[in-house]
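Here are my notes on this one, as promised. Have the model open while you go through them.

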Amino acid sequence: MNLATKDIGHNLGRFALTVVGIGLLLMLVMGMGGIYRGLIAEATLLIDTIGADLWVVQGSTRGPFAEISRVPANLEDRIRAVPGVAGARRFVSHTVQREHHGRSLRMVVQGLAWPEDHGEWIPLVVGRALGQAHYEMIADRSLRLPLGEQIELGKDVYEIVGITKGMVGSGGDGLAFFTVSDAQAIQFNVPGEATRLERAARRSRAEGQDIGQVQPLLLERADGPTRGLPVLAPPQVSAVLVTLQPGADAAKIAATLAGWPDITVYTTQQQIDLLLSGMVDKSRRQIGLFRVLLVIISTIIMALTIYTLTLDKVHDIALLKLIGARNTVIVGLILQEALIIGTLGYGLAWWLGQFAFPKFPRLVVIETSDLLWLAGIVLGISVLASLLGIWEAMRVEPNKVLS
Amino acid sequence: MKPDHSKAPAIEAFNLTKVYGHGNTEVVAMNDVSLCVKQSEVVALLGPSGAGKSTLLTAVGLINPPTSGRIVIGGVPVLDADRPLVDLRSFRRKHLGFVFQKANLIPFLTAAENVQIAMEINDVTPRDAHRRTMELLDYLGVSDRANNLPDALSGGQQQRVAVARALANHPSLVLADEPTAALDSHRGRQVMELFRKVAHEQGAGVIVVTHDQRALDIFDRIFEMEDGRLRLGLTVAGGQPAPRGIRDTPE
């Protein structure tokens, strides 16, 4: 006869409420782990998907995912000349936050190196890749921009031609793909008045120089468009992505590129590691600490619940001792109840998570290894929680029945 | 060690004394009490509150050992003062049965399960335990309530189930502490007659602590306790009053 199941059956409502409470707590623990996994998945999604072998970034920087990185756009031509390199493409990444139809729209602008890269590698759920050099964009579904929608960014209007799902940056903002030149136009857009003032300032500075006075033509060029001034560099890009030829030695090519003093080279894995050890690491530790706290709270609540249930049975335990029940019978009763509560709570947490986690604003990834880890934790806290009740039960004297 | 049911008295207690506290707070709850109850004998233990009846009952029930004295149950020495000579819990499980003022049934077990659990903790197989449970409940007239939880039973039915539980493991001694206090006179008498029946038919010695003067004719012998001392009162079952004041120690 299993006393634990008999007791549970007799106090079903109370046990059900306890299981629900524990289940919700465990769902939070499970969810925290899933949020952490989701953070990593979201953060590394672009790096994984974009398929570059090497990332070439501004010298002495950690790349665009860690800090500002600026390299000249023509760096890709230099890199293509390195033996073993199959291709190189410019990469632009920056975050913008604009108003659209009265709501705040925050997105990570990604530049595709047109015409080599149309974005065919981007996993679309609907629509197509970029079909022209300007005024088209691919947006993630999380940005809530429908296919065909037109959105004004800077001085230009862009049409949504493709939709992705789950393509977000490390901050959880949806990715939007443009050509590099459009991405730069959005990034470096300044109002017309600011352009006019800058050109006037340039002319004023040139007038203050001897060369400006002896070469009047320079003064006319100074207040013209920036692209007409060879002394001013064209807009720079965030990085250059390198694809290697099949069988090429990545370490050797990286070493060759690392010899150039104006750049730094990272493999894809190094770029991922930098990303994870940067901003994601603090979130990971914060979530980890919160998770530990939740486990401790769950243990305390379970322990108090089991203890209270044991206190309610003190008279019955005394009776069992009086009629000669071994300690194993009594320990088994308490331990089994704790394990049943823990197991059902865990199952409920998993079941509820199936419905709740997809509705979270950020990705929640529940992996089997995490589920097994949590199952072990639940087993541990169930045993730990029952110790208080067992300790109380062992103190009960048989003559308590007579009182 | 197994008690010898064929010859030995159900219980022999020698010079039991129980002292609580020490110094100025010392209280002698039981003073040099000796007692012998034979197999199939039903004895009553009377006395006012605080006389030491429950102290004696818990001492011979191996729940609350005496400060001094010796207890032999079914021929097996089990306690020498407060020093156990056997595993007391195991001995209680195998050889003693308890009935209390309240039935003290486990509320989350049915009537049958309350009886069955006493056997299962004594390593009786569930099948055998269930068979004997049904026999006992039938014997005690509550087999029709076997599947009811205790709170669905009347006080008398609960007490019958408690008696069945006490008899489950064929005890050599049944100890009952005011088992009829919560019952009306009719049901109280039924329970007392039940003790007599099980003692005579099952061969157990039965000690009943009671205040109920209406059913004294059921008992083979009556002991009175006062100020921690025990003395023989009346022998009524055979119709002959026992001489008062005779020594109550075992022969």
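1. Helix 3 (residues 111–120) and helix 5 of chain B pack with their axes 8 Å apart at an angle of about 20°, and are therefore roughly parallel to each other. Angles under 35 degrees count as roughly parallel, and over 145 as roughly antiparallel. The axes are lines fitted to C-alpha atoms over the stretch in contact, with angles running from 0 to 180 degrees between N-to-C directions. Helices are DSSP runs (H or I, at least four residues) and strands likewise (E, at least two), numbered from the N terminus.

2. Before going further: this is a predicted model, where local features need pLDDT of at least 70 and side-chain atom pairs pLDDT 80 or more, while totals for chains, interfaces and linings use all residues. Residues are numbered from 1 along each chain as its sequence is written, chains are lettered from A and ligands numbered from 1 in the order in which they are written, and side-chain values use heavy atoms, without hydrogens and water.

3. Back to that chain B pair: helix 3 of chain B brings Ala111(B), Asn114(B), Val115(B) and Ala118(B) up against Val161(B), Ala164(B) and Arg165(B) of helix 5 of chain B (contact means heavy atoms within 4.5 Å). The contact residues come out as five nonpolar, one polar and one charged. Here Ala, Val, Leu, Ile, Met, Phe, Trp, Tyr, Cys and Pro count as nonpolar, Asp, Glu, Lys and Arg as charged, and the others, Gly among them, as polar.

4. Now look at the largest cavity, with about 90 Å³ of space. Its lining includes Ala118(B) and Arg165(B), along with Ile323(A) from chain A. Strand 7 (96–99) of chain B and helix 5 (155–167) of chain B each supply at least two lining residues, and strand 7 of chain B gives the most, with three. By class, the lining has five nonpolar, two polar and two charged residues. A cavity is a set of points on a 1 Å grid where a 1.4 Å probe fits but cannot get out, and lining residues have an atom within 4 Å of a point.

5. Over in chain A, the axes of helix 2 (residues 12–50) and helix 9 (residues 268–277) come within 10 Å and cross at roughly 150°. The two helices are therefore roughly antiparallel to each other. Ile40(A), Ala43(A), Thr44(A), Ile47(A) and Asp48(A) of helix 2 of chain A make the contact with Thr268(A), Gln271(A), Ile272(A), Leu275(A) and Leu276(A) of helix 9 of chain A. That set divides into six nonpolar, three polar and one charged.

How values were computed. Angles under 35 degrees count as roughly parallel, over 145 as roughly antiparallel, 65 to 115 as roughly perpendicular and the rest as oblique. On a 1 Å grid over the protein atoms alone, a cavity is a set of points where a 1.4 Å probe fits but cannot get out, and a pocket is an open set with protein on both sides within 12 Å along at least five of seven lines; lining residues have an atom within 4 Å of a point. Grid points are joined across faces, edges and corners, and a volume is the space filled by probe spheres set on the points.
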